[in-house]
Amino acid sequence: MPPVLFDPDHRLWLLRGPTTAYAIRLADDDTVRHVHWGATLTLTEAVKVAERISPAASSFEAVAAVDELAVEGGARFGPPSLLVRFADGTRGVQWRYAGHDVDGGHLRIRLHDRHYPLRLTLHYRVCADSDVIERWTTVENHDDRTPITVLRCDSAAWAAPHRTDYRVSHLVGGWNSEFQLRRTDVAVAETVFTSRRGVTSHHANPRLAVDDGTAGEEHGEVWSTALAWSGSWRITLHRDPVGRTTWTGGFGHEGLTWSLAPGEALDTPVFAGLYTAGGFGAASRAWHGYVRRHVLSHPNETRPVLYNSWEATGFDVDEVGQIALAARAASLGVELFVMDDGWFGARTGDHVGLGDWVPNPVRFPNGLRPLAAEVRRLGMRFGLWVEPEMVNPDSDLYRAHPDWVLHMTNRDRTELRNQLVLNLGRPDTAEWTHAWLDRLVAAHDIDFLKWDANRPFTEAGWPGHGDPDRLWIEHTRAVYRIMDRLRADHPGLRIEACAGGGGRADLGILARTDQVWTSDNTDPVDRIDIQHGFSQLYPAQVMGAWVTDSPNAATARETPLRFRFHVAMAGVLGIGGDLAAWTDDELKEAVELIAAYKRIRPVVQHGTAYRLRGDGTLTAVQYAHGDEHVVLAWCPTRPYGHATAPLRLTAVRPEVVYRDTDTGATYAGAVLLGSGLPLDLPSGDHASTLVHLRPVG
């Protein structure tokens, strides 16, 4: 059966995934209305779904149905998805249906304003192997003389079906505390989730899930959405007094306006949605599968174990010191050596040199090629830290091009971390940025870039430009184009997205990078919660996780090396400590733990994840890949006399007997499901374990 069906008599479309359905219809006034989002339906069944009529309908509440993309106009009083103003001052829209077409799983519904040259295309796309629905819009000005002012242009609006109550799950945080999961009742109000910072942000992630307040990890209906955009964004959740719950989202934030020039079309980013009936765990697993199959460029690759020099050296890098670190890293089994900040220009601290992307001639008298060659001789790939979007005022670049940064006339230029933001919306700035990156990668055969961005936008102006707020869109699009060009011209290049840690993690950046630096906070106790929130949407194979020194640089907490490794093994393992200060015993243990990670890595990075919770403070993640299972369990603290109970697993087959590859112990699958897996946890706080199970025979 085709993924998109149309009933012309009822003017209704039905989009079908493997287990879900989404239905919309044209109202009498040609407005596209929401019908159904949930369990699978036939076209005949979808036609019979009644349009919800508000019990509070009155002269103060005239519009009862839910629009697929709400506009200003008529008796609509909720948050609009599209706001425009025409040259004569008229606001609002009245649609006329102009047809539709279907290309496989891609539905386009075309709408024209009845009196003005505004055209809109609603895009819907479904894939045969996923219940995720991709939605976005195209807005066009078909006047050849007069611009149209766009005050808001969202990608999509979503609606939850009627339930007695609603709860929203979202991610909050800050620098060093990203991806903190919060679940709260949906207020009878408009609740805005946003970033006004020019990047996705540490403080909120453009991912929302709504349920009826009863869903758990493995049960209950969940409606979740994620915006594929790496700049400023806004999602507005609305619950009205009679229980309708909707949300709308897209790029930009309140207060911005964009001019749609004559003949111009503007495409919004994808705002994807997913319904699941199996709780938050099923939702996460469905998103992970979607990211692997439809977002990532190299989903089948196994991410290497990396070493990063930052915590060992800070800005004090030179050829001799980096080669010594590389030798130690290689002896541990590291596969990718990444030199962090400090290798270029006059960069002796965060106050100088940013933007001057040539190797420091004193620290690297022969350039970077000798270091890169030695790293490869040691059997590792070579990577570099870069921060292409930023500049220090104390730099040759800024002295030559002070106009290239975001700034406003007659306003101070706010420095954060002693740096300013380059306006990559400018074609000349963007082309210069691509050119030096291209030369750098080509000259040194660089395998990996850690692409950082260590501050948000301020004074986000573009003097002399006729539509200055477009920089909020064009800067991010330029980042995408530069990354896309680099990857096309250098097929072996892999990129890690970083913004002072997890400040730029979203489906948009993951379409052109391979992993995300989850947080600058590498404290393993804090990382358990950070990684738990991250896993709500993103799979383990994109989650960068380092083992660093104890006491931790951010929290001063002391933890055992084994515990640090076991937490980091839940993602893409990296080493970030000062290896010159590690004891022989620590180095020996690290060799063994890295080797263990390599054995389980295919299951962790390519398997299906199940978040588990034991008694007390015990948490765990189980990864299943075929009939192979990996369990990583952590218990940060335990009261006196507390013995951890066996951990009940999921996804194992009850009729199969499994063997622990380390101890040789065997367990019946039925016992693992019912009674649980006994955990050999060391005594005391910061206890952890790794269990690798394979079928017997």
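Biologist: Which backbone oxygen does the side chain of Arg25 reach?
Modeller: This is a predicted model, where local features need pLDDT of at least 70, side-chain atom pairs count only at pLDDT 80 or more, and totals for chains, interfaces and linings use all residues. Residues are numbered from 1 along each chain as its sequence is written, and side-chain values use heavy atoms, with hydrogens and water left out. The pair sits 3.4 Å apart, and a polar contact is a pair of N or O atoms within 3.5 Å (within protein, one must be able to donate a hydrogen and the other to accept it, and residues adjacent in sequence count only if both atoms are side-chain atoms). The backbone oxygen belongs to Val47.

Biologist: Is Arg25 buried or exposed?
Modeller: Buried means under 20% relative accessible area, exposed over 50%, partly exposed in between (1.4 Å probe, protein chains only). Arg25 lies in strand E3 (residues 20-26); strands (E, at least two residues) and helices (H or I, at least four) are DSSP runs, numbered from the N terminus. Beyond four places in sequence, Arg25 touches residues including Trp13, Val35, Val47 and Glu51, contact meaning heavy atoms within 4.5 Å. With a relative accessible area of 14%, Arg25 is buried.

Biologist: How many salt bridges does a search of the whole structure find?
Modeller: The criterion is a side-chain nitrogen of Lys or Arg within 4 Å of a carboxyl oxygen of Asp or Glu. One of the pairs is Arg110 with Asp101, whose closest N and O atoms are 2.5 Å apart. Arg110 is partly exposed at 28%, and Asp101 is partly exposed at 27%. The search finds 44 salt bridges.

Biologist: How many residues apart in sequence are the parts tied together by Asp165 and Arg239?
Modeller: Their side chains meet in a salt bridge at 3.2 Å, N to O. Asp165 lies in the loop between strand E11 (156-160) and strand E12 (167-172), and Arg239 in strand E17 (residues 233-239), so the pair ties together parts that are 74 residues apart.

Biologist: In that pair, which residue counts as buried?
Modeller: Asp165 has 31% relative accessibility and counts as partly exposed. At 14%, the buried residue is Arg239.

Biologist: Which residues are linked in a network of salt bridges with Asp467 and Arg470?
Modeller: Asp467 and Arg470 form a salt bridge, with closest N and O atoms 3.4 Å apart. Asp467 is buried at 10%, and Arg470 is buried at 9%. The network also takes in Glu264, Glu474 and Arg477.

Biologist: Are H7 and H8 roughly parallel or roughly antiparallel?
Modeller: The axes of H7 (residues 427-444) and H8 (residues 471-489) come within 10 Å and cross at roughly 30°. Axes are lines fitted to C-alpha atoms, for helices over the stretch in contact, with angles from 0 to 180 degrees between N-to-C directions. Angles under 35 degrees count as roughly parallel, over 145 as roughly antiparallel, 65 to 115 as roughly perpendicular and the rest as oblique. H7 and H8 are therefore roughly parallel.

Biologist: Which residues of H12 make the contact with H11?
Modeller: The axes of H11 (residues 561-568) and H12 (residues 584-606) come within 10 Å and cross at roughly 25°. That makes H11 roughly parallel to H12. From H11 come Leu561, Arg562, Arg564, Phe565 and His566. The H12 residues are Glu586, Glu589, Ala590, Leu593 and Ile594.
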